[in-house]
Amino acid sequence: MTASRSPAPLSSRFRPRDTLRLRLALFSLALLLPLLALIALGIRKKFVDDRAAAAERLHVQRVIAEQALNNYLELLRRNLTELESIVGFADLSSPTAHEQCRQFLRLHPEFINIAVVDRTGTLRFSTAFPIANPPQNYRAMPTVAEQLGTTAFNLSAAARGLTTGRWGCVAALPLRRDPDLLLSAPIDLKALSKLLFFGPDTVEQIVTVVDLHNTVVLSSYTPETRIGEIRPSGSLVRERLAAGANTGEFAGVDGVRRTYDAAAITLADWTLTVAVPTDSVYAAAWKDARNSILAVALVLFAGLLLIRLYSQHLLRPVFALANAARDHAAGQRERLAPIKGPEEIADTARAFNDMVRARDRAEAGLVESELRYRTIVEQTGQMVYDIDIATGRIQWFGDDAIANITGDTPEAFAAVDGDAWVERLHPDDRAGVLGLYERCLATAEPFITEYRFRHRDGSYRFIEDYGVILRDPAGQPVRMLGRMSDITARHRAETAFRENEDRHRLVTEQTGQLIYDLDMRTRQVRWFGSAAAQQILGCSPEEMSRLGVDGWAARLHPDDRAAAIARLEHSMVTGAPCQAEYRLRHRDGSYRLVEERGAVLSKPDGAFYRMVGRMTDITDRKRVEAERTQIEKKLLETQKLESLGVLAGGIAHDFNNLLTGVLGNAGLARLELPADAAAREQIDQIERAAQRAADLCKQMLAYSGKGRFVVQALDLNELIEDSLGLLAVSISKKAILRFNPGAQLPSIQADTTQLRQIVMNLVINASEALEDRTGQITLNTGALVIDETYLATAQFTGDLAPGPAVFLEISDTGSGMSRETLARIFDPFFTTKFTGRGLGLAAVLGIVRGHKGAIKVYSERGAGTTFRLLFPATRDAAQPLARPAPERPAWRGSGCVLVIDDEEAVRHVAAGILRALGFDADSASDGAVGIVRFSSAPTRYVAVLLDLTMPHVDGEETFRQLRLLRPDVKVILMSGFNRVDAVNRFVGKGLAGFIQKPFQVETLASELRRVIDEMPKAN
């Protein structure tokens, strides 16, 4: 509820100046508007017709000029053609030809000369002047050069004559008897303009003809100044003609805007344009339009004047009636309206006088009615107001409510108008209340709002204000009635309730859980916990609350729905707590696993009526638990493999030391025996048995991941192709071996020998899986990009990281494996074959683990088996495969070599081999003894054979001490472990060589020869 700050704005808003005079004027204008529209259409049509007539005149002039020029050019072409027939240029020196041509020039004064030139531009015949000796050549003249290549009648562009200074062009036509000669006729363009229609004309219309260079060839107005000028507008005209438009406008060289009508000349590359100033085209049209508009304005002015005079005469009695009404409003009760004027106005005056008399009678009863009204208002306990919208005056009712809400007496508050009421509104509520009041006046909708109103003591009361608009019979708002109620106590209670709900909501949000409150009678559910609702359901709690129990049931996973609904119904019937885990569908389509805990509430009579509970998102927790279980499983697997690997590596290391003695002594014995000795066969058997034992050690080292690796960047396709021959002879005759190499395969870092062993083991296993049946073994290679999800499905992942990888896939069509067998295939010595086999796949696992790769196995009973080996790809260029080195001749050395090893058998056999090769040998049982022995004479030893693993002082520390005693000492490392693991400790430290245990005489001799041959020779 509000009022305007002053009566004037309200009056101007709600009492527009709707007078009878205005209505008469508007009615007259409504009658005149169709007439004015018809007149405007006529003016517009006249304007269009005048402009069209001017354009038509321009078009006629263009057509006349075009026809005249085309007729002349056609006549010129025929005259030149006939001139050859009349004159007969068979003999160019004939007097008859000259006479006939001079007569032709007299008949055609626009021609300057009649000449014949050849294709080189040399003058062969001339009428106007003689031919020099040698003949003149006019090839340099543009007009002549342009015609030399023509094959038909042609007109050149305009050019100024070198001797005459006159502008002209050349008409040329090849002679029929000799096409290499051209009949040429230079034309004076000024004379041609006068001869045709192009005599001097007015400035209003200009006729011009331009050539392709935009040079004026022919002109109308003062041709002696226009012919030869450049007209840039010529390019614009030609472009529009090419587009199909022969009319338009352009700006002349004098800056005047002109309207033109143009045409292209058919017998010459010329463009004819007839142009007039654009203003002259519209001149007549604008003149007629101005005259018509002036006449209409005079008629309109006269009509409005007559309307004004008539309205004054008609409204005089109306004004008298209005003055009488104002006098009554001012308190002159005895004043009556005069009865005069037209019958309608007189009847209105009589009705006004009757109303005045009736009002006097009603005022007496109004006092009693108002007393009853005030009594009723006081009983409501509310402030009631009555606003006169026209004057802005407010009447207040309800003395007790006024005193309670405002703190003023009814007498003091009676003086409060709209401005004073606005001042007592709270500053934060003022703009909203005033905007609502204005909207109420504009739309006539009820005015209802709440705001704070200042009490006399300075405090604010919360008020509920409700008002309605009253309108007069014409629909204009005249009054606003309303009431103001003090709702301070109710507002405080609502605020306390909201604060309590906010605290409850805050506590709910902090739990991070989705809380529900189910009304068991209506089956409506209220949900709380915005963050949890967004996380679990992807929507707000309010949105879920509108859906009820059915909305919750619709989001259940189809596999969980029946059980979850059954548990809910059971709890609602029995009152038992509800405990469950199920999946709910998120808005994005995914499912979240939730844990629900709910309790049923009952009334004092034992009836169940509500169920409250909470839902916790346990998706991440379950996933973490599953991942932890998987990690623990893989950790146990890794620990088992590591334990077995350590055991296998230790056994292989010690066994290699023993085999070193066996192989070395056998080799020495073979060296001592003559070639035909019977014992050589037994020694060969010893060496073969020891070599098989060494191969077993290699498999054990491969399983432990410590096999001998010589790593290089290699092409897996090249390695497989190189091994196909050996593989083919190693498998069953009934097995078909196929290889499908992958295209553009990246290289991998790997040991060639170890990979050959993998391929051989897996292909032989595949062949044995075929048993006696015919089948197929397929080798596939390729590249792919792997991720965590893909690695999770592998039987062994090792240290392989997600990213680009290369795979080797070996498949067979054999009998396949059961799940139980598949789970144990990589266990050491597990086999489904006869006793004594079982390190093949365990060695494969060790080699793959040593190469930081992974293994995936697919197998089903009756469907065959597929092994997929994954290796990390590298960007290094692949190196060629190593080929067996040619045999070298027998070699002997000299000097002393120190052997340091904790195994007596190794020291003994190494010393024996060294002596057999021509060296002297010293031995040391460990690193400490070796350092002491070497320090006594560092320069005595040409090389040192050093074991890697020794008690007290190991090989690494021994090497460091030896280098301190003699920096250039040649140390050859001996170890049963692979080369990479052993040598990596000595990278950059000057290690001379490496020998893998067990070794033979030839192996030690080859490495010693390489190391000693690289030593610098003494001068």
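How many bridges join E5 to strand E6, and do they run parallel or antiparallel? Let's start there. Seven bridges join the two, E6 covers residues 181–188, and they run antiparallel. Before I go on, a quick reminder that what we're looking at is a predicted model.

The protein chain has 1019 residues, and 42% of them count as buried. There are 30 helices and 33 strands in it. If you take the contacts with a separation of 6 or more, 60% come from residues 24 or more positions apart.

Back to E5, then. This strand takes in residues 167–174, and seven of its eight residues are buried, so I'd call it mostly covered. With E6 it makes a hairpin, with six residues between the two strands. If you want to find the pairing on screen, look for Leu173, whose bridge partner in E6 is Leu183. E5 has other pairings too. Strand E3, residues 154–155, pairs with E5 in the antiparallel sense over two bridges, and there Asn154 has Ala172 as its bridge partner. Strand E4, residues 159–160, is joined to E5 by two bridges, also antiparallel. Arg160 is the residue that stands opposite Trp167 in that case.

Next, a sheet further along. Five strands make an open sheet in the order E8-E7-E11-E10-E9, with antiparallel pairing. Which strands stand at the edges? They're E8, residues 216–219, and E9, residues 247–251; each has a single partner strand, so one side of each is left with no neighbour in the sheet. From one strand to the next, the twist averages 30°. E7, which is residues 206–210, pairs with E8 over three antiparallel bridges, and Val209 sits opposite Leu218 in E8.

Inside it, E15 (residues 460–471) and E16 (residues 477–486) pair antiparallel over nine bridges. Glu464 has Ser485 in E16 as its bridge partner.

There's a helix to look at here as well. Is Phe447 buried or exposed? Buried: its relative accessible area is 0%. Phe447 and Met480 are 33 residues apart in sequence, yet C-alpha to C-alpha they're 9.3 Å apart in space.

Last stop, Asp926. You'll find it in the loop between strand E30 (920–924) and helix H27 (927–936). What I like about Asp926 is that it's buried yet has no salt bridge. The nearest side chain of opposite charge is Arg907, and that's 8.2 Å away. So what does the side chain of Asp926 have by it? One of its polar atoms lies 2.9 Å from the backbone nitrogen of Val929. Leaving aside neighbours within four places in sequence, Asp926 is in contact with Ile900, Asp901, Met950, Pro951 and His952.

That's my tour, thanks everyone.

Technical notes:
Residues numbered from 1 in each chain as written. Predicted model: local features only at pLDDT ≥ 70, side-chain atom pairs only at ≥ 80, totals over all residues. Heavy atoms only, no water. Helix = DSSP H or I, 4+ residues; strand = E, 2+ residues; numbered from the N terminus. Buried < 20%, exposed > 50% of the residue type's maximum accessible area, 1.4 Å probe, protein only. Lys, Arg positive; Asp, Glu negative; His and termini not counted. Salt bridge = Lys/Arg side-chain N within 4 Å of Asp/Glu carboxyl O. Polar contact = N/O pair within 3.5 Å; in protein donor to acceptor, adjacent residues only side chain to side chain. Contact = heavy atoms within 4.5 Å. Pairing = 2+ DSSP bridges. Axes fitted to C-alpha atoms, helices over the stretch in contact; angles between N-to-C directions.
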